[in-house]
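Please walk me through this protein fold.

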Amino acid sequence: MASAAAAPWSDVDTTKKYRLGTVKKDVAGNEYMYVQGVASGALYDWVTIDEDHVTIRAVADGQGRVGILQAALDATTDFGWMAVYGNHYGKALTGFIDNGVVYLTSTAGSI
């Protein structure tokens, strides 16, 4: 199992350091996927990911795997990690109960 020291989740790489789609775990069992950024991608934005591992800021009726950016990957030339499993912070427009059901909204990047 990878540790946070082995894979710094909040780093922003301007050159690709891992194969896109690489999945790693931290010591708590949370999972992260290495992805390419998106225009205006901010810390804790909810994103969907396409088959080429490029992120898209999530909106209602979005399609694809969903994750939460762990850094501001605000350009398509940025690379970094998104959370795909476990306990993580994410942008929410309203409060919700831990382990509650969340829904994508028309506000890009938020639930």
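Asp 61 counts as exposed, at 74% relative accessibility (exposed means over 50% relative accessible area, buried under 20%, partly exposed in between, with a 1.4 Å probe and protein chains only). The model is predicted: local features need pLDDT of at least 70, side-chain atom pairs count only at pLDDT 80 or more, and totals for chains, interfaces and linings use all residues. Residues are numbered from 1 along each chain as its sequence is written, and side-chain values use heavy atoms, leaving out hydrogens and water.

Asp 61 sits in the loop between strand 4 and strand 5 (65–69). Its phi is positive, about 65 degrees, although Asp 61 is not a glycine. Most residues other than glycine have a negative phi. His 53 also has a positive phi, near 65 degrees. His 53 lies in the loop between strand 3 (46–49) and strand 4 (55–57). At 23% relative accessibility, His 53 counts as partly exposed.

**The overall fold**

The protein has zero helices and six strands (DSSP runs numbered from the N terminus: helices are H or I with at least four residues, strands are E with at least two). The radius of gyration is 13 Å, close to the 13 Å that the globule rule gives for 111 residues, so the protein is as compact as a globular protein of that length. That radius is taken over C-alpha atoms, and the rule is 2.2 Å times the number of residues to the power 0.38. The C-alpha trace spans about 35 × 30 × 20 Å along its principal axes. Of the 111 residues, 37% count as buried.

Now look at strand 2. Six of the six residues of strand 2 (residues 31–36) are buried, so this strand is largely enclosed by the rest of the structure. Glu 31, Met 33 and Val 35 point one way. Tyr 32, Tyr 34 and Gln 36 point the other way.

Strand 2 pairs with strand 1 (residues 23–25), antiparallel, through three bridges (strands pair if DSSP finds at least two bridges between them). Lys 24 has Tyr 32 as its bridge partner.

Thr 22 lies in the segment before strand 1. Thr 22 is buried, with a relative accessible area of 14%. A polar atom of its side chain lies 2.6 Å from the backbone oxygen of Arg 19. Leaving aside neighbours within four places in sequence, Thr 22 is in contact with Tyr 32, Met 33, Tyr 34 and Trp 81 (contact means heavy atoms within 4.5 Å).

**The cores**

Which residues make up the largest nonpolar core? There are 11 in all, including Trp 9, Tyr 32, Tyr 34, Trp 46, Ala 58 and Trp 81. A nonpolar core is a set of buried Ala, Val, Leu, Ile, Met, Phe, Trp, Tyr and Cys residues joined through side-chain atoms within 4.5 Å. Strand 2 and strand 6 each supply at least two residues of this core. Strand 6 gives the most, with three residues. A second, separate core of nine residues includes Val 47, Ile 49, Leu 73 and Val 84.

Notes:
A polar contact is a pair of N or O atoms within 3.5 Å; within protein, one must be able to donate a hydrogen and the other to accept it, and residues adjacent in sequence count only if both atoms are side-chain atoms.
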